[in-house]
Amino acid sequence: MQPCRDVTFLIPSLLLVRGRYVKKQAAAIGGCVIEVNNLVRRYGRHLAVNQVSFKIEKGEIVGFLGPNGAGKTTTMNILTGYLSSTEGNVKVGGMDILEYPREIKSIIGYLPENPPLYVDMTVQEFLSFVGDIKRIPRKDKKERINKIMETVVIQDHAKRLIKNLSKGYRQRVGLAQALIGDPQVLIMDEPTAGLDPKQIIEIRDLIKELGKDRTVILSSHILPEVSAVCQRVLIIHFGKIVADGTPEVLARRLLGGRHIHLRLDASEAEISRALGKVGDITGLQFRESQEEGTLEVIAEAQGDTDIRRDLFRALSSADIPILMMRSLDMSLEDIFLNLTTKEREE
């Protein structure tokens with residue numbers, strides 16, 4: 001994992017904390033935004049989080065996955081300062097969350113799975129209330145709220161009571177409150193819960209846009225959603241991180257290398273003879289094809305070796321038509337089930 005780079009923290013106005021002047025509201029953070037080191041959280045004898053460590057850089061959109069009870073929500077609550085850890089530490093923008101909780105909370109926006117909303121307020125009243133909590137200057141508050149309502153597409157419901165909104169629109173209000181303080185770090189737990197397919201696509205696009213100048217941690221049980229939005233995934237199980245990387249890298253690690261799926265118009269002997277000349281191939285698997293007169297072949301290569309060009313040249317030289325060629329990768333669902341099932345069996 002890449003070490004943290006230098007952190008730049010530019011904030012107007014200072015606060016005296018433990019004999020030192022600390023800057024109050026974040027305007028810019030560079031380098032490694034979140035560092036989690038050997039995090040442990042116990043509830044009595046139950047170990048909910050067990051020596052969890054990871055780093056997230058500015059601009060990353062990271063999917064945080066885990067089965068129910070794996071420690072995912074507990075970890076997210078510690079990152080937001082809602083819970084304290086039993087052991088280990090969390091740093092955001094280079095500051096320890098136990099030493100500077102107020103300063104760190106000012107640069108984090110949090111959308112829990114069930115946003116705590118004051119349902120007897122109108123949308124605008126609630127966001128104004130949150131703006132006061134986040135200490136948004138009065139002269140900037142109205143413009144900030146209007147911009148955020150436009151961003152999450154709830155401006156037409158500004159005067160409606162929250163209790164009269166659908167679950168999908170309540171979720172949008174929850175996202176709006178997370179964005180009120182213009183946070184550098186955005187943590188979201190099931191952000192598309194209760195949304196219809198069109199709204200889900202809109203929120204996905206919004207998350208991608210927000211991730212251009214923020215760090216985003218996204219938890220979801222909808223794995224295709226994570227694949228569509230996140231550049232990297234963390235998988236936690238029984239309180240431990242069991243995977244960290246892009247879905248493609250994790251798939252190759254689990255498969256033991258790169259696998260190429262081909263459909264060829266030739267016999268098994270002809271294919272074996274032609275591909276025997278490709279040195280990076282470590283194995284061939286033959287399967288029956290639904291297309292008459294053809295065979296389907298899985299060609300295996302170790303590590304990240306890309307053998308597609310070599311396959312094409314070898315098959316072309318042998319005058320074997322290639323009817324289909326594609327990388328055979330595991331889906332995020334396959335990766336998730338493989339890792340969590342394996343861990344459970346061990």
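Select helices H5 and H6 to begin. Their axes come within 12 Å and cross at roughly 10°. Axes here are lines fitted to C-alpha atoms, for helices over the stretch in contact, and angles run from 0 to 180 degrees between N-to-C directions. H5 and H6 are therefore roughly parallel to each other. Angles under 35 degrees count as roughly parallel, over 145 as roughly antiparallel, 65 to 115 as roughly perpendicular and the rest as oblique.

Before going on, note that this is a predicted model, in which local features need pLDDT of at least 70, side-chain atom pairs count only at pLDDT 80 or more, and totals for chains, interfaces and linings use all residues. Residues are numbered from 1 along each chain as its sequence is written, and side-chain values use heavy atoms, with hydrogens and water left out.

**Stop 1: the H5 and H6 contact**

Show the side chains. From H5, pick Gly-168, Tyr-169, Arg-172, Leu-175 and Leu-179; from H6, pick Gln-199, Glu-202, Ile-203, Leu-206 and Leu-210. These residues make the contact, meaning heavy atoms within 4.5 Å. The residues of this H5 with H6 contact divide into 6 nonpolar, 2 polar and 2 charged. Ala, Val, Leu, Ile, Met, Phe, Trp, Tyr, Cys and Pro count as nonpolar, Asp, Glu, Lys and Arg as charged, and the others, Gly among them, as polar.

**Stop 2**

Now select residues 167-179, which form H5. Helices (H or I, at least four residues) and strands (E, at least two) are DSSP runs, numbered from the N terminus. At 1.5 Å a residue, the 13 residues of H5 should span 18 Å, and the end C-alpha atoms of H5 are 19 Å apart, which agrees. The expected span is 1.5 Å times one less than the number of residues.

Why is H5 described as largely enclosed by the rest of the structure? Because 10 of its 13 residues are buried. Buried means under 20% relative accessible area, exposed over 50%, partly exposed in between (1.4 Å probe, protein chains only). Among the buried residues of H5 are Gly-168, Gln-171, Val-173 and Ala-176. Next, show what covers them: the cover includes strand S10 (108-111), H3, H4, strand S11 (185-189) and helix H6 (197-210).

**Stop 3: H3 against H4**

Move to two of those covering helices. H3 and H4 (residues 138-151) pack at an angle of about 125°, with their axes 10 Å apart. H3 and H4 are therefore oblique to each other. Their crossing is right-handed. A crossing is left-handed if the near helix is turned anticlockwise from the far one by less than a right angle, and right-handed if clockwise.

Select Val-123, Gln-124, Leu-127, Ser-128, Gly-131 and Asp-132 in H3; they meet Lys-141, Ile-145, Asn-146 and Met-149 in H4. The residues of this H3 with H4 contact divide into 4 nonpolar, 4 polar and 2 charged.

**Stop 4: Phe-129**

Stay in H3 (residues 123-133) and click Phe-129. Phe-129 is partly exposed, with a relative accessible area of 31%. Leaving aside residues up to four places away in sequence, Phe-129 touches Tyr-118 and Met-121. Then draw a distance to Gln-177: the C-alpha atoms of Phe-129 and Gln-177 are separated by 9.5 Å, though the two are 48 residues apart along the chain.

**Stop 5: His-157**

Follow the loop between H4 and H5 to His-157. Is His-157 buried or exposed? His-157 is buried, at a relative accessible area of 15%. Beyond residues up to four places away in sequence, His-157 touches Val-123, Leu-165 and Tyr-169.

**Stop 6: strand S5**

Jump to S5 (residues 32-43) and select Glu-35. Glu-35 is buried, with a relative accessible area of 16%. Glu-35 and Ile-56 lie 21 residues apart in sequence and 6.7 Å apart in space, C-alpha to C-alpha.

Asn-38 is also found in strand S5. Its phi is near 50°, a positive value in a residue other than glycine. Most residues other than glycine have a negative phi. At 42% relative accessibility, Asn-38 counts as partly exposed.

**Stop 7: Asp-319**

Go to the loop between helix H10 (308-317) and strand S18 (322-327) to find Asp-319. Phi of Asp-319 is near 60°, again positive in a residue other than glycine. Asp-319 counts as exposed, at 67% relative accessibility.

**Last stop: the whole chain**

Zoom out. The protein chain has 11 helices and 18 strands. Buried residues make up 47% of its 346 residues. Of the contacts with a separation of 6 or more, 70% come from residues 24 or more positions apart.
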